[in-house]
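Please keep the sequence and the coordinates at hand while reading.

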Amino acid sequence: MSAPLDVLVVGAGPTGLTLALQAVAHGARVRVVDRRPAALRPSRALIAHARTLEVLRPLGVTGDLLAGADTAPRARLHLGRHEVAVELGELDLPDTAFPHLTFVRQAHVEAVLGEALASRGVTVERGTELVAAVEEPADVAATLRSAGAVEVVHTAAVAGCDGVDSTVRSLAGIGWPGGAARPEVVLADVDLEGALERGVAHVVAGRHGLVFLFALGECAPWRLLATRVVADRLRPGGPGPPVPDDELQGLLDAAGLPVRLTAAPWSERIALQHRLADRFRAGRLFLAGDAAHAWSPAGGQGMNTGVQDAAGLGWRLALVGASSGPERLLDSYSAERRPVAAQLLSMTRLLFWGESATGPLASTLRGVVAPLAAPLAPALLQHRRLVGRGFRLLAQLDQGYRGGAVGGRGSTPHAGRLRPGDRVRDGTVACGGRAVRLHELLARPGVHLLLDRNAPDPAIGPGPLLHLHRLTSSPGRGVVAVRPDGHAGFTSGAVDGELVRWLRSIGAVPAR
Ligand SMILES: Cc1cc2nc3c(=O)[nH]c(=O)nc-3n(C[C@H](O)[C@H](O)[C@H](O)COP(=O)(O)OP(=O)(O)OC[C@H]3O[C@@H](n4cnc5c(N)ncnc54)[C@H](O)[C@@H]3O)c2cc1C
């Protein structure tokens with residue numbers, strides 16, 4: 001007998017909400033629980049990257065997300081006595097519909113995802129926590145506790161999107177190697193008096209660390225983010241204590257900003273850690289987002305990676321199914337996403353060292369070398385290609401999963417450059433007698449078959465989660481099948497039984 005639930009999502013942060021939305025959009029029966037009684041909490045993430053917006057697009061939320069975002073952000077870098085203006089609105093990223101950095105509050109992202117989920121009939125069950133999960137022969141028995149009531153639910157899979165202190169991770173017995181970072185982060189919403197250009201982000205590189213001021217405060221006009229090393233180290237996880245006003249003013253003074261703090265209605269100390277779960281799956285328990293990896297905010301990767309993990313897992317749990325899906329396909333989620341997280345862990349570690357370390361090398365780089373190099377910065381920033389490359393890396397636009405277990409190739413190679421696992425890049429194609437951006441065609445849940453101009457019709461017709469597009473701009477007789485997360489799944493120079501077999505293997509069409 002199949003479980004009455006396909007996925008129990010634990011945690012309604014950006015990762016859990018995305019996963020739930022994607023799984024529901026692909027036909028799964030889903031419940032989402034979160035131990036927090038209230039939906040709203042102070043935002044941590046303020047930056048969304050292009051790849052994140054791409055994976056969210058088929059879920060129909062990017063319009064609402066961008067309506068509450070700044071897609072042409074401007075920043076001022078303060079390097080010693082020099083100020084450098086940076087425009088982040090038109091980056092050299094021709095293969096995405098989102099060629100810009102996006103400033104958006106995490107709270108807005110969560111609100112939009114929560115509303116989209118509610119519109120599909122799934123309401124987050126708040127004040128409800130997972131306390132136990134036991135694998136049984138056919139499913140998982142998960143114990144939920146809320147306001148004194150205890151309920152046992154049977155589910156095919158548990159998705160642990162429950163943050164750095166993940167209960168699912170401990171219940172699954174998955175190792176969590178790594179350690180705490182020495183510097184901590186201070187976040188505060190502040191009002192300031194003084195000569196500071198409004199409406200732009202300010203980034204100050206000083207000997208003691210980096211200080212950011214974003215015009216994105218929630219309880220006051222500015223959001224301050226600073227790194228510092230303190231004697232009384234906090235334990236990572238959970239909300240930290242507030243920061244006294246004089247210490248906040250001290251951070252602004254040390255950065256050399258000519259401002260006086262007039263109010264700080266909210267502040268928090270945050271201890272950081274660098275960790276990576278040993279596995280992202282144990283049986284029918286899966287990990288995604290901060291439950292699977294933890295790092296510093298350098299480069300704005302946490303929420304972005306969590307959303308991208310979710311976009312890799314939600315459709316698998318819906319289409320492949322945790323109760324009957326082949327092991328190698330269920331394992332392929334971890335096999336694809338864990339190496340990405342390992343790479344990001346190294347990258348964010350290095351970036352955070354540059355931002356926050358107080359040893360002589362890092363302090364000299366920020367406090368002496370950066371100001372000396374400042375006059376070169378405008379010329380460097382004019383180099384659109386170079387800047388674009390930096391943002392490709394941060395946005396994870398070149399991440400792919402070649403050689404993975406989901407990929408399939410027909411007996412005749414496809415003439416194009418795409419290989420199974422590659423991200424399908426955006427670009428203009430001809431389809432249905434018009435020129436159209438490819439990602440516009442892919443902006444619906446499901447698997448998309450991109451048929452070459454002279455390809456025969458496949459033996460299997462379109463359906464609610466199987467879309468056919470004939471690209472008359474693509475010569476040949478082959479096909480590329482695009483997975484729901486925008487990666488190529490199957491490529492072939494011919495349309496034949498291999499395609500249908502691959503579609504069956506991932507549950508995109510029913511098994512015979
Ligand atoms: C200072 C700072 C700045 C940052 N800036 C950025 C940025 O610009 N860009 C970016 O991408 N990332 C950024 N991040 C990281 C980002 O905030 C996190 O990576 C993101 O919140 C992770 O989302 P998540 O859904 O995986 O986990 P969380 O947001 O931690 O959500 C987990 C949820 O699970 C719930 N939960 C926990 N245990 C249980 C249980 N047993 N039962 C039920 N519910 C449970 C919790 O209540 C919580 O709501 C920043 C982080 C910090 C600290």
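The sections below take up a few elements and residues in turn.

## A covered helix

The model discussed here is predicted. Helix α1 runs over residues 14–25, and its 12 residues reach 16 Å from the first C-alpha to the last, which is close to the 16 Å expected at 1.5 Å a residue. The helix is mostly covered, with 12 of its 12 residues buried; among them are Pro14, Gly16, Leu17, Leu21, Gln22 and Ala25.

Which elements cover the buried residues of α1? The cover includes the strands β1 (5–10), β2 (30–34) and β10 (149–160), together with the helices α2 (50–56), α4 (106–119) and α7 (302–320). After α1 comes Gly27, whose phi is positive and near 90°.

## A nonpolar patch on the surface

On the surface, Leu350, Trp353, Leu361, Leu365, Val368, Val369 and Leu372 form a nonpolar patch whose accessible area is, taken together, about 670 Å². Two elements, α8 (327–356) and α9 (360–373), each give two or more residues to this patch, and α9 gives the most, with 5 residues.

Leu350 is found in helix α8, and this leucine counts as exposed because its relative accessibility is 60%, where the cut-off for that class is over 50%. Ala335 also has its place in helix α8, and it counts as exposed at 53% relative accessibility. The C-alpha atoms of Ala335 and Arg281 are separated by 9.6 Å, while the two residues stand 54 residues apart along the chain.

Most residues other than glycine have a negative phi. Against that background, two residues deserve a look. Ala147, in the loop between β9 (140–146) and β10, has a phi near 35°, a positive value in a residue other than glycine. Is Ala147 buried or exposed? With a relative accessibility of 87%, Ala147 counts as exposed.

Gln396 likewise has a positive phi, near 60°, and is a residue other than glycine. Gln396 is found in the loop between α11 (384–395) and β21 (408–409). Its relative accessible area is 2%, and since buried means under 20%, Gln396 is classed as buried.

## Aromatic pairs

How many aromatic pairs does the structure hold? There are 4 aromatic pairs in the structure. One of them joins Phe103 and Phe214 in an edge-to-face arrangement, with 5.5 Å from centre to centre and 80° between the planes. Phe103 lies in strand β6 (residues 102–103) and Phe214 in strand β14 (residues 209–214), so the pair ties together parts that are 111 residues apart in sequence.

Phe103 is buried, with a relative accessible area of 8%, and Phe214 is buried as well, also with a relative accessible area of 8%.

Technical notes: Residues are numbered from 1 along each chain as its sequence is written. This is a predicted model: local features need pLDDT of at least 70, side-chain atom pairs count only at pLDDT 80 or more; totals for chains, interfaces and linings use all residues. Side-chain values use heavy atoms; hydrogens and water are left out. Patches are made of residues with over 30% relative accessible area and no salt bridge: like charges are joined within 9 Å, nonpolar side chains (Val, Leu, Ile, Met, Phe, Trp, Tyr) within 5 Å. Accessible areas come from the Shrake-Rupley method with a 1.4 Å probe; for residues, only the protein chains shown count as cover. A salt bridge is a side-chain nitrogen of Lys or Arg within 4 Å of a carboxyl oxygen of Asp or Glu. Helices (H or I, at least four residues) and strands (E, at least two) are DSSP runs, numbered from the N terminus. Buried means under 20% relative accessible area, exposed over 50%, partly exposed in between (1.4 Å probe, protein chains only). The expected span of a helix is 1.5 Å times one less than its number of residues. Contact means heavy atoms within 4.5 Å. Rings of Phe, Tyr and Trp (its six-membered ring) pair if their centres lie within 6.5 Å; planes under 30 degrees apart count as stacked, over 60 as edge-to-face and the rest as tilted.
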